[in-house]
Amino acid sequence: MSDLWPGERGTIKAKADFNVSEDVAALRKAIEGIGTTEKTLIDILTHRSSSQKQAISKAYEETTKRILVNDLKGDTKGSLEDLLVALARPPAVNDAKWLNKAIKGAGTDTNILIEILASRTNKQIKEMSAAFAEVIKKTPMQELKTEVSGDFGKAILLLAEGARDESTNVNADKAKEDAKALYQAGEKRLGTDESKFIEILCKRSIPHLRQTILEYKNISGKTLQKSIEKEISGDLEELLVAIVKCVMSTPAYFAEKIYKSMKGAGTDETTLTRVMVSRGEIDMLDIRAEFKKLYQRSLYKEISSDVSGSYGDCLKMICGGED
């Protein structure tokens, strides 16, 4: 939820001397030749902005009467296919597809729901909802209502409205009031009033919540995250902690997700792909910096030692350098 425009802190940027027909010709050659030239696909899809890639997709379809995303699917496989397809799609379509997959699988994948709805701006949520309705013919709200319930469901549906307050003025007294209300709804009483946590964390503006988190520590002597972890459990705890982390630093939240996707035996390539693609054009430079601060090594090196082949090469391109 950076206060900057997308692109300013991203590693995937618009190409200055962009030539759509040249790119279409290069992609066709890479896809239609014998054996796919993966390097060309990676190079183009990681060095063009989202709007440039949409122009490429449109021109590709006009020239070949085929859909670029489908050709990428037919020509590559596994994790590389998922990565290239996601890079070629508009961000809102990616979010809609990931959300739909989270809802539709056997049992709801709450991790993906939480990640998307806790970290996206109102504008991103609105664009995702429009893309979702176009593809699925229902709104995310209609689909989610049948999938999530209880306090977690209430919080998820509030976030899915994309109606978080966006004012940038912070009233210190109001932030104090909210901090006190949170303290009294949790730490201060026997049993927890979850609805108060949901209302404040899902509706208030990001700058206001930053101030509230500071005030909370003054009142309680504990961080709000620690109190949530102590007072609330299950999916709701995960969601509220994710919101608090994103309020404090969205890049740090994603640096941790990337780290966890590579830590331990085997790599969680689905999460790695989703995060790298969704943040590549927004705040990857900040994620890299946070990653280094948190784990004392560069994200580029971590990817190099964890993921190989063309999939690894493509991730390194999105990472954008060794810092």
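Residues are numbered from 1 along each chain as its sequence is written, and side-chain values rest on heavy atoms, with hydrogens and water left out. Because the model is predicted, local features need pLDDT of at least 70 and side-chain atom pairs count only at pLDDT 80 or more, while totals for chains, interfaces and linings use all residues.

**Aromatic pairs**

Rings of Phe, Tyr and Trp (its six-membered ring) are taken as a pair if their centres lie within 6.5 Å, and a pair is stacked with planes under 30 degrees apart, edge-to-face over 60 and tilted for the rest. By this rule there are five aromatic pairs. One of them joins tyrosine 259 and tyrosine 295, which are stacked at 3.7 Å centre to centre with 10 degrees between the planes. Tyrosine 259 belongs to helix α15 (residues 234-262) and tyrosine 295 to helix α17 (residues 284-295), so this pair ties together parts that are 36 residues apart in sequence. Helices here are DSSP runs (H or I, at least four residues), as are strands (E, at least two), numbered from the N terminus. Ring pairs also link Tyr259, Phe291 and Tyr295 into a cluster.

In terms of relative accessible area (buried under 20%, exposed over 50%, partly exposed in between, with a 1.4 Å probe and protein chains only), tyrosine 259 is partly exposed at 24%, and tyrosine 295 is partly exposed at 21%.

**Salt bridges**

Side chains of opposite charge can pair when their charged atoms come close. With a salt bridge taken as a side-chain nitrogen of Lys or Arg within 4 Å of a carboxyl oxygen of Asp or Glu, the structure holds 24 salt bridges.

Salt bridges that share partners join Arg28, Glu32, Arg66 and Asp71 into one network. Within helix α1, glutamate 32 and arginine 28 lie four residues apart, about one turn of the helix; glutamate 32 is partly exposed at 41%, and arginine 28 is partly exposed at 27%.

Aspartate 286 sits in helix α17 and arginine 9 in the segment before α1 (20-32), so the pair ties together parts that are 277 residues apart in sequence. Arginine 9 is partly exposed at 30%.

In the remaining pair of the table, lysine 230 is exposed at 53%, whereas glutamate 231 is buried at 18%.

**Cysteines**

A disulfide is a covalent bond between the sulfur atoms of two cysteines. With the cut-off for a pair of cysteine sulfur atoms set at within 2.5 Å, the count comes to zero disulfides. The sulfur of cysteine 202 has its closest cysteine sulfur in cysteine 246, 12 Å away, which is too far for a bond; cysteine 202 is buried at 3%. For cysteine 319, the closest cysteine sulfur belongs to cysteine 314, again 12 Å away and too far for a bond, and cysteine 319 is buried at 0%.
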